[in-house]
Amino acid sequence: ELSKTGWLLDITKLQLGENIGEGEFGAVYKGEYMGQKVAVKTIKCDVTAQAFLQETTVMTKLQHKNLVRLLGVIPQKGLHIVTELMTKGNLVNFLRTRGRSLVQFHTLQRQTYRRKYVCEGMEYLENKKLVHRDLAARNVLISDDNMAKVSDFGLTRVDFKVSDNAKLPVKWTAPEALKKEKFSTKSDVWSYGVLLWEIFSYGRQPYPKMSLSEVKERVEGGYRMEAPVDCPPSVYSLMRICWEIEPRRRPTFHKLREKLEQEMGSQNPVLRS
Ligand code: ATP
């Protein structure tokens with residue numbers, strides 16, 4: 001199927017460079033394909049190739065400035081997935097290493113753009129009726145020009161049921177998804193609220209010091225994280241509506257983007273990075 005659609009790449013044109021990350025199934029490398037800088041995700045064994053092909057098939061259908069773009073695949077020595085290179089790595093590391101060092105004012109401005117980029121990528125998925133299921137700052141990557149893009153569509157499915165609950169990212173997953181496996185765009189919206197919290201706490205682990213079972217139980221009982229120290233009240237209220245227990249009461253990504261734009265309209269003009 002992939003060969004027919006032109007997603008098969010030629011391994012002789014690929015140069016692998018240094019290791020830049022570790023995924024669940026194998027390493028991620030920097031590389032070059034016909035003069036273009038790329039990232040190459042590899043897998044070690046054939047058993048998981050199927051899961052990767054699934055991820056790839058979803059990715060071929062997605063083209064948006066705020067989603068990490070697939071360039072193609074090479075089904076050799078397992079599988080190589082070639083995507084655009086996001087030189088500044090994932091958002092968690094980015095926030096941890098650079099977040100606080102920036103001047104406060106600019107930090108807030110940049111975060112405004114970053115959360116809007118993520119929201120726009122997610123609005124695109126929402127329109128396509130695709131559920132991400134694993135939206136978190138670790139799955140947002142930063143490009144050389146500081147664009148934030150959503151990555152890791154491994155769990156993305158058009159259908160809304162999962163059988164394997166064991167590996168769910170508990171601290172990012174909505175209660176109805178944890179309990180009843182009800183994944184939807186609205187459960188992605190919940191995760192987006194947690195991502196906002198991560199941004200404003202400079203890449204801290206959500207629900208600090210709480211165990212996964214504690215998080216499950218307390219969130220179900222109505223507990224919500226407090227606003228991070230540097231978080232404006234307007235942003236915190238966005239988090240809170242993303243964390244409504246009733247999925248219908250959470251906003252859509254479309255609505256969230258409108259709110260973010262309104263908020264930006266009331267700020268001074270600034271640099272984009
Ligand atoms: P997990 O399932 O635990 O989220 P994974 O198996 O899906 O991990 P990735 O998240 O895709 O693996 O990749 C692991 C790391 O490699 C990322 O956190 C990031 O730092 C780096 N990485 C992945 N893709 C790219 C890319 N396109 N450009 C630059 N770095 C990347």
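The structure is a predicted model, in which local features need pLDDT of at least 70 and side-chain atom pairs count only at pLDDT 80 or more, whereas totals for chains, interfaces and linings use all residues. Residues are numbered from 1 along each chain as its sequence is written.

The protein has eight helices and seven strands, these elements being DSSP runs (H or I of at least four residues for helices, E of at least two for strands) numbered from the N terminus. Of its 273 residues, 37% are buried; a residue is termed buried if 20 or more other C-beta atoms lie within 10 Å of its own, exposed if 12 or fewer do, and partly exposed in between, with C-beta atoms placed from the backbone. Among contacts with a separation of 6 or more, 63% are accounted for by residues 24 or more positions apart, a contact being defined by C-beta atoms, placed from the backbone, that lie within 7 Å.

Strand S1 (14-22) and strand S2 (residues 27-33) pair in the antiparallel sense over six bridges, where pairing requires that DSSP finds at least two bridges between two strands. The two strands S1 and S2 form a hairpin with four residues between them, and leucine 16 has glycine 31 in S2 as its bridge partner. S2 also pairs with S3, in the antiparallel sense and over six bridges; in this hairpin, which has two residues between the strands, methionine 34 takes a positive phi near 45°. Antiparallel pairing is found again between S4 and strand S5 (residues 79-84), over four bridges, with leucine 70 and threonine 83 as bridge partners. Lysine 77 takes a positive phi near 50° in the hairpin of S4 and S5, which has four residues between the strands. Strand S4 (residues 70-74) has four of its five residues buried, and is therefore largely enclosed by the rest of the structure.

Lysine 41, found in strand S3 (residues 36-43), is the position at which UniProt, in an unreviewed entry, places the feature "binding site"; UniProt positions are given in the numbering used here, with feature names shortened, and such annotations may be inferred rather than shown by experiment. Lysine 41 counts as buried because it has 23 C-beta neighbours inside 10 Å. Valine 28 stands opposite lysine 41, and lysine 41 touches Gly23, Val28 and Ile81 when residues up to four places away in sequence are not counted.

Around the ligand there are 21 residues, of which Gly21, Gly23, Glu24, Ala39 and Met86 come nearest; a residue is near a molecule if its C-beta atom, placed from the backbone, lies within 6 Å of it. S1 and S3 each supply at least two residues of this shell, and the largest share, three residues, comes from S1. By class, the shell has eight nonpolar, eight polar and five charged residues, where Ala, Val, Leu, Ile, Met, Phe, Trp, Tyr, Cys and Pro count as nonpolar, Asp, Glu, Lys and Arg as charged, and the others, Gly among them, as polar.

In helix H7 (residues 233-242), Val235, Leu238, Met239 and Cys242 are buried. Seen down the axis of H7, these buried residues fall within an arc of 100°, so they line one face of the helix; the arc is that of the directions from the helix axis to the C-beta atoms. The buried residues of H7 pack against helix H5 (185-200) and helix H8 (253-265), while the face turned away from the buried side carries the exposed residues Pro233, Ser234 and Ser237.

Technical notes:
Two residues are in contact if their C-beta atoms, placed from the backbone, lie within 7 Å.
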